[in-house]
Amino acid sequence: MKKIFSSAIVLILSSLTWGQCALTYSVDSIPASCAGNCDGAIIFTYSNSGTPAAPYNVIFKNSLGVIIGSHTFLGEAGSYTFTGVCAELHTVSMQSIFTPACFYEETVLVTEPAPLVISSINVIHETSGLSNGEITINVIGGIMPYLYSI
C-alpha cells in the first residue's frame, strides 16, 4: 500500500512541476558560409514566465548525439549563440537543474550552400593582336556575389 501511495505522489508532483514551468523559446540557425566549413551558428533564446526554475543547462548535440557544447543560464531569460557549428541536424535541450521536469528539446538544421563548381569555361582567343580575346567562366553553387581573378 505504501508503494502505491508513494507512486501517486510522484506522479502528482511531476504534473505540478511541469505546470509551473512556462518556457517560451526559439532556436534559430545561421548557415555555414561555404560548403564544408564549420562556421555556422545556433541561436537559442528563452524566457520562463512561470515559477522560477533557474539555473538551466542547455546542451548542444550533433547528428550523432555527441555533445558539442553546453551553456548554463542563471536567470529566467536569456540568449546564447553557439558558434563553429557544422552543417547538419543538431539537437538543443534545456533542463532546469532544480526542476528536472522543466525540460525542452528541439532539433535545428544548420545548412550550407551547394559547393562552388565551375560549370564551363569558354575561351575566345584574340585575333591579329587586337586584344579582343574573351574568357567566360560559368559557376554554380556557393554564395553570390562571386569574385573572379585571372
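Mentor: Before we look around, a residue is called buried under 20% relative accessible area, exposed over 50% and partly exposed in between, using a 1.4 Å probe and protein chains only. This is a predicted model, where local features need pLDDT of at least 70 and side-chain atom pairs count only at pLDDT 80 or more, while totals for chains, interfaces and linings use all residues. Residues are numbered from 1 along each chain as its sequence is written, and side-chain values use heavy atoms, with hydrogens and water left out.

Trainee: Okay, is Phe 60 buried or exposed?

Mentor: Phe 60 counts as buried because its relative accessibility is 0%. Phe 82 is buried too, at 11%.

Trainee: Where do Phe 44 and Tyr 104 lie?

Mentor: Phe 44 is in strand β2 and Tyr 104 in strand β7 (residues 103–110), so the pair ties together parts 60 residues apart in sequence. Strands here are DSSP runs of E, at least two residues, numbered from the N terminus. Both Phe 44 and Tyr 104 are buried.

Trainee: And how are the rings of Phe 60 and Phe 82 arranged?

Mentor: Those two are stacked, because their planes are at 5° and their centres 4.5 Å apart. Phe 60 sits in β3 (residues 56–61) and Phe 82 in β5, so this pair bridges parts 22 residues apart in sequence.

Trainee: Which residues do ring pairs link into a cluster?

Mentor: Tyr 25, Phe 44, Tyr 46, Tyr 56, Phe 73 and Tyr 104.

Trainee: Which residue in β2 stands opposite Tyr 25?

Mentor: That's Tyr 46. β1 and β2 pair in the antiparallel sense over eight bridges; for strands to pair, DSSP has to find at least two bridges between them. They belong to an open sheet of three strands, in the order β1-β2-β5, with antiparallel pairing. β1 and β5 are the edge strands, each pairing on one side only.

Trainee: Switching topic: how many disulfides does the structure hold?

Mentor: One, where a disulfide is a pair of cysteine sulfur atoms within 2.5 Å. Cys 38 and Cys 86 form it, with their sulfur atoms 1.8 Å apart. Cys 38 is in the loop between β1 (23–30) and β2 (40–48), and Cys 86 is in the loop between β5 (77–85) and β6 (88–96), so the link joins distant parts of the chain, 48 residues apart. The link is right-handed, with 95° about the S-S bond.

Trainee: What does Cys 38 count as, buried or exposed or partly exposed?

Mentor: Partly exposed, at 38% relative accessibility. Cys 86 is partly exposed as well, at 26%.

Trainee: Last one: which strand is Ser 96 found in?

Mentor: Strand β6. Ser 96 counts as buried because its relative accessibility is 2%. Its side chain reaches the backbone nitrogen of Phe 98 at 3.4 Å, and a polar atom of the Ser 96 side chain lies 3.0 Å from the backbone nitrogen of Thr 99. A polar contact is a pair of N or O atoms within 3.5 Å; within protein, one must be able to donate a hydrogen and the other to accept it, and residues adjacent in sequence count only if both atoms are side-chain atoms.

Terms used:
Helix = DSSP H or I, 4+ residues; strand = E, 2+ residues; numbered from the N terminus. Phe/Tyr/Trp six-rings, centres within 6.5 Å; stacked < 30°, edge-to-face > 60°.
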